[in-house]
Amino acid sequence: NKRRKNSVFVKKLCNNSMDAPASTSRTVTKDEVEKILSQYNHNPKKQNPLYATTANQYGKNKPSPATYTTERHGLSKKFSRSFNGTMFRDEGLTATMTKSNIHDSLTPQFV
């Protein structure tokens with residue numbers, strides 16, 4: 001997620017290293033948590049009360065030192081890098097009959 005990688009908070013916590021090995025773990029001190037939370041801009045969306053759900057309650061309140069996760073455990077990118085930047089392309093054979101988008105009578109009946 002491009003937005004998340006460019007986040008000031010993610011960069012600070014990972015020391016500008018998004019490729020931390022799996023064995024790396026980092027604990028944020030109380031002073032760092034206070035600094036991060038003081039810079040946090042909390043602006044939750046206003047929601048329609050007719051469509052309110054309990055899932056919307058998670059982001060309603062601003063994070064506090066008690067709710068902030070101070071431990072970060074990095075993951076290795078070894079598996080992803082093994083593809084050398086190539087993306088998966090589905091080149092499989094499509095064996096279905098093409099159906100008409102206009103009318104069912106126009107669909108070929110070769111069965």
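Predicted model: local features only at pLDDT ≥ 70, side-chain atom pairs only at ≥ 80, totals over all residues.
Residues are numbered from 1 along each chain as its sequence is written, and side-chain values use heavy atoms, without hydrogens and water. Local features need pLDDT of at least 70 and side-chain atom pairs count only at pLDDT 80 or more, while totals for chains, interfaces and linings use all residues.

**Overall build**

The protein has 4 helices and 2 strands. Their order from the N terminus is α-α-β-α-β-α. Helices (H or I, at least four residues) and strands (E, at least two) are DSSP runs, numbered from the N terminus.

Of the 111 residues, 10% are buried. Buried means under 20% relative accessible area, exposed means over 50%, and partly exposed lies in between (1.4 Å probe, protein chains only). The exposed surface comes to about 10700 Å², with 53% of it supplied by carbon and sulfur atoms. These areas come from the Shrake-Rupley method with a 1.4 Å probe; for residues, only the protein chains shown count as cover.

A contact means heavy atoms within 4.5 Å. Among contacts between residues at least 6 apart in sequence, 57% join residues at least 24 apart.

**The aromatic pair**

The structure holds 1 aromatic pair. The ring centres of F79 and F83 lie 5.2 Å apart with the planes at 90 degrees, so the pair is edge-to-face. Rings of Phe, Tyr and Trp (its six-membered ring) pair if their centres lie within 6.5 Å; planes under 30 degrees apart count as stacked, over 60 as edge-to-face and the rest as tilted.

| Residue | Relative accessible area | Class |
|---|---|---|
| F79 | 63% | exposed |
| F83 | 42% | partly exposed |
| Q109 | 64% | exposed |
| P44 | 33% | partly exposed |

Q109 sits in the segment after helix 4 (78-81). Q109 and M97 are 12 residues apart in sequence, and their C-alpha atoms are 9.2 Å apart.

**The second largest pocket**

This pocket has a volume of about 200 Å³. A pocket is an open set of points on a 1 Å grid over the protein atoms alone, where a 1.4 Å probe fits, with protein on both sides within 12 Å along at least five of seven lines; lining residues have an atom within 4 Å of a point. The volume is the space filled by probe spheres set on the points.

The lining consists of P44, K45, K46, Q47, N56, Q57, G59 and K60. It divides into 1 nonpolar, 4 polar and 3 charged residues.

P44 lies in the loop between helix 3 (30-39) and strand 2 (71-73). P44 touches G59 and K60, not counting residues up to four places away in sequence. The C-alpha atoms of P44 and N61 are 8.2 Å apart, across 17 residues of chain.

Definitions and conventions: Nonpolar A, V, L, I, M, F, W, Y, C, P; charged D, E, K, R; others polar.
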